[in-house]
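Hi,

Here is the structure I promised to pass on. Have a look at it, and then read on for what turned up.

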Amino acid sequence: MRVIYIAGTSHSGSTLLDLMLNAHPAILAAGEVLKLNRQLTIRKSRKGTPAPCSCGAVSLWDCPFWSAVDRRTQETSGKSLTDLDMQDYREPDGARAPNAVVFKAAADVSGKNFVVDSSKLPGRLSYLMRLTELGVYPVHLVREPKGQINSVARKHGGFLKHIFRYELVHEQLRRILKSVPHSVVHYEDLVRDPKSALQSILQPLGLDFDPRQLNWAQSEKHEVAGNHMRFDATSELVLDESWRQSLSPLKQHAIEFGTLLSRQMLPKTGAVR
């Protein structure tokens, strides 16, 4: 069992990439595993309902897959999913680490050899890479900064702080991945030429592209958290370039200046060894 870890900033297309990888017969995409504990207990304040699974179940507990994963973790570790903290990075024994227990259980239940975690955070990637049992393969996901910053600012407000975070996250990932085999995927390439972008991830793992990955919305899916598109019934790809209308020329220049280093240093889509 190996873990494919999608790393990058929010609003960069990680849910889309997660779903497209999930449609491969050898891969299970678990979504943002970092948020598993919260998704198991969250209740939407206005409706009073739990967070649903992307398979359509009204909650993860009502999902046959996650219920089976819970039973499996109890068999192998004596602990339920609610007792396994995905943000607990203190366990020195890799086989007993909460994340390793959950990834192994998910692989056992699904029968898949690869599990995708789209949690994105660089710090989490560093920790998971130390768990040699997981055989982590990182995927550095990049979105054109004007598109990413416009998208996150539209949802959360602010502007300059998102430029700073864009540079910070990608600099951290460049440092972590400097001497580590990994793949770089640009969101724009994933939408325009999904087959080539996916092949850059699959080939280093000894996998071939599967045509079903282009019909990702029709695959069985059980992602934890992520973009609302995980509930979509259509696999249509539309490149989001709304920043062209939303950002003033001044803001566009500010982003170009503030993200100059990343734009110069980040490689194009492809495998990096």
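To start with one side chain: is W66 buried or exposed? Bear in mind that this is a predicted model. W66 is buried, at a relative accessible area of 2%, and the cut-off for that label is under 20%. F65 is buried as well, with a relative accessible area of 8%.

Now the aromatic pairs. How many are there? The count comes to two. One of them is made by F65 and W66: their ring centres are 5.1 Å apart and the planes meet at 75°, so this pair is edge-to-face, given that planes over 60 degrees apart get that name.

The other pair is Y89 with Y127, and here the rings are stacked, with 4.4 Å from centre to centre and 25° between the planes. What I like about this pair is where the partners come from. Y89 sits in the loop between helix 3 (64-77) and helix 4 (98-110), while Y127 belongs to helix 5 (residues 122-130), so the pair links distant parts of the chain, 38 residues apart.

Next, charges over rings. Which ring does R143 lie over? R143 is placed over the face of Y187, 4.7 Å from the ring centre. There is also K251, which lies over the face of F159 at 5.0 Å from the ring centre.

Last, some backbone angles to check by eye. H11 has a positive phi, near 60°. Where is H11 found? Its place is the loop between strand 1 (2-7) and helix 1 (14-22), and at 25% relative accessibility H11 counts as partly exposed. K120 has a positive phi too, near 75°. This residue lies in strand 3 (residues 114-120), and K120 is buried, with a relative accessible area of 9%.

If you open the model, you could begin with the stacked pair of Y89 and Y127, then go to R143 over Y187, and finish with the positive phi values of H11 and K120.

Cheers

Definitions and conventions:
Residues are numbered from 1 along each chain as its sequence is written. This is a predicted model: local features need pLDDT of at least 70, side-chain atom pairs count only at pLDDT 80 or more; totals for chains, interfaces and linings use all residues. Side-chain values use heavy atoms; hydrogens and water are left out. Rings of Phe, Tyr and Trp (its six-membered ring) pair if their centres lie within 6.5 Å; planes under 30 degrees apart count as stacked, over 60 as edge-to-face and the rest as tilted. Buried means under 20% relative accessible area, exposed over 50%, partly exposed in between (1.4 Å probe, protein chains only). Helices (H or I, at least four residues) and strands (E, at least two) are DSSP runs, numbered from the N terminus. A charge sits over a ring if NZ of Lys or CZ of Arg is within 6 Å of the ring centre and within 35 degrees of the ring normal.
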